[in-house]
Amino acid sequence: MRKKIIAKGNIRRGDFMRVVVTDTLPEEVPIIFSNDGFYLNLSKALIQNSDASSFVKKILTPEKTYTKPYRYNVIRDNFSARGLSLIHPSAQYDAAKFYQKYDTLICYFCSKSSASLRSPRKVGTTFFVKGPNSTKNRFKASPVDSVSIESSVSNPASYFSYNKISRAHQFFDSNDYMHLEKKFHIFRSLDVSKCFNSIYTHTLYWAVDNVQAAKDNTSSAGFANEFDRLMQSMNYNETNGICIGPEISRVFAEIIFSEIDKRVIEYASKRGIKYKDDFDFKRYVDDYYVFSHNESISDQITAAISLSLGQFNLHLNENKTVTISRPFSTKKSQVISDTNDALIFFFDKIIKSTKIDKVKIFTPKEIYHSDALLRLLIKKIKAICSLHSSHYEAISDYIVSALSKRVTDLCYAFEEPKFNNSGLEENYISIFLLLIESIYFFYTVNPTVRASLYVARAIIMATRCLKDHYPDRLPFLSENIIRWTIELTKSISRDERHKDLTAVPIEVLNILLPMKEIARQENIINNYLTKMCEDIDSFGYFEIVTFLFLLEGQKSHQIIIKKLFAKAKEIVNTGLGPRIDSQSAHLALDLLACPFLPLEKRASWFNILRSKCDLPKISREKAQAAVKQMASTYWFVRWDRVDLLALLRKKELSAIY
């Protein structure tokens, strides 16, 4: 088996600012978006120009007792979207300061529940980087990322160390689950209805006010009230509902649910139902898994959970309650199991594994009829869906992830010193084409943001591998990838779901971003980007920065770039201003630093933005000097020297919930 760890590092315990890297952003954002630059600017005070510095300080100093998050939707399924919130930079900064003050107390209050599968246990002190043996990955653009592990902001996956698991599916593959199935006859899954939208922020006090705890002379009531105010202020002073997406929201919810779990056990005990003997239950965020000897006990525990939730204004979604008896095999697990068998059969036809110095490497077999193999895989997957009355949505992400991983494994073989790739050129070309075409098929039938990261990783890894080892064959692969990408985006564009659900097409943007590396000079891609920008009036922050990044300030695209800049200014002008409105703040900081926009235009806009932040206007020369300083660093989008593969790896390490 491939060695899992390439490096281990220690996190500076006092570096509370890393909270903005790990706990304040949604997962569903474009590949190029992160808080890395924001973290560096806050922790290292990179902005030295006084005019630029005073502007940044204003944005990070709330004008009101609240800020307004940038709310956006991403596609969840054929009929619904998931609402997410990108909170204001000043709110993210406040979150970091709150963690600095209360991180130990957060862990204390989250530790009340033995049923929780994912809760903070202590402040993280160590991180691991997974991957091949060498840190000098030849598929990584080495001039781009020279940051050492010690100072890197991209590796720690979370501010806290969490207990047990990071994803729900890991529980169902664990020994704990197997032992529970051995002990109990009945399994029941319960879902809390619209959990984060329903949380009343004041209920945090209800969850902690009966706990006599103190840390550094801070009372539990003070902690609860401050956390309550923080969650309100970052959410436009709303008390009903909390921002969806950031990890800090899950931490807030975990404290409440820890108390609910405790009350469930107490409720059962009063009725003579013994926890761990008559029943057991686990909870992953807002999903409950109840194990018992019979349905009568399951009903009583369900009632206990419902009653305890009701004490915090939360409710179960009865339509999602599922009860099964042994063997504990849900329809989803059956579909995944059968899909895995189909993939194993497929991979066995095209890939062989051998060991070199106790490290397993994967190499391609000779492929004779790739079209027939792809058709056979699709036929098997269709049969599985039909057998289980399921749809592609249930398994497409899993399939794309598995296919992408095989591309990565094939590329890593070249890093083994004793690997002999002579005579394998045609095999590599064939297998990359087959795997990537398969990826595009299963992604097209159900494009999701998470799967888009797997697609991007596969095409970047494959093209870099060919560039390094078979450069003469790279154009052939690139040509096919470009064709598949355009077909994919056209297919998604014809789908009216994004318009109907007012969703940001992040799953499209993430597939287009690798084209900057793969097809930078291709007219067909440039022309297609022009066509996609015909609807700039509907663009928001993520679309604006993505297309500015892709167009790179090219002369042939100056009209579009001008329109994108105008749309950004319109959003800021019609909003509450960059000190309150998150979208405006992100646009202001990113576009002032964007080298693809004319310096004079940015300097002129900088003066307008200063007025919106109650700062006096300055001379044109001073404004240009300030903007040059802003452009010497980056905030949320790094405009140049970008390694997309490094960004993808960071997102995989940071993936949560």
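Predicted model: local features only at pLDDT ≥ 70, side-chain atom pairs only at ≥ 80, totals over all residues.

User: What does the secondary structure of the chain come to, and what share of its residues count as buried?

Analyst: The chain has 27 helices and 14 strands. Of its 657 residues, 56% count as buried. The accessible surface is about 28,300 Å², and carbon and sulfur atoms hold 49% of that. Look at contacts too: among those between residues at least 6 apart in sequence, 80% join residues at least 24 apart.

User: Now the pair. At what angle do the axes of α10 and α11 cross?

Analyst: Roughly 135°, with the axes of α10 (residues 247-270) and α11 (residues 295-310) coming within 9 Å. Angles over 145 degrees count as roughly antiparallel, and 65 to 115 as roughly perpendicular. α10 and α11 are therefore oblique to each other. The crossing is right-handed.

User: Which residues meet there?

Analyst: From α10 come Phe257, Ile260, Arg263, Val264, Tyr267 and Ala268. From α11 come Gln300, Ile301, Ala304, Ile305, Leu307, Ser308 and Leu309. By class, the contact has 10 nonpolar residues, two polar and one charged.

User: And α22: how many of its residues are buried?

Analyst: Buried means under 20% relative accessible area. In α22 (residues 541-551), 11 of 11 residues are buried. Glu543 and Thr546 are among them, along with Phe542, Phe547 and Phe549.

User: What follows α22?

Analyst: Glu552, with a positive phi near 60°.

Conventions:
Residues numbered from 1 in each chain as written. Heavy atoms only, no water. Axes fitted to C-alpha atoms, helices over the stretch in contact; angles between N-to-C directions. Helix = DSSP H or I, 4+ residues; strand = E, 2+ residues; numbered from the N terminus. Parallel < 35°, antiparallel > 145°, perpendicular 65-115°, else oblique. Left-handed = near helix turned anticlockwise from the far one by under 90°. Contact = heavy atoms within 4.5 Å. Nonpolar A, V, L, I, M, F, W, Y, C, P; charged D, E, K, R; others polar. Buried < 20%, exposed > 50% of the residue type's maximum accessible area, 1.4 Å probe, protein only. Areas by Shrake-Rupley, 256 points an atom, 1.4 Å probe, with all protein chains shown as cover.
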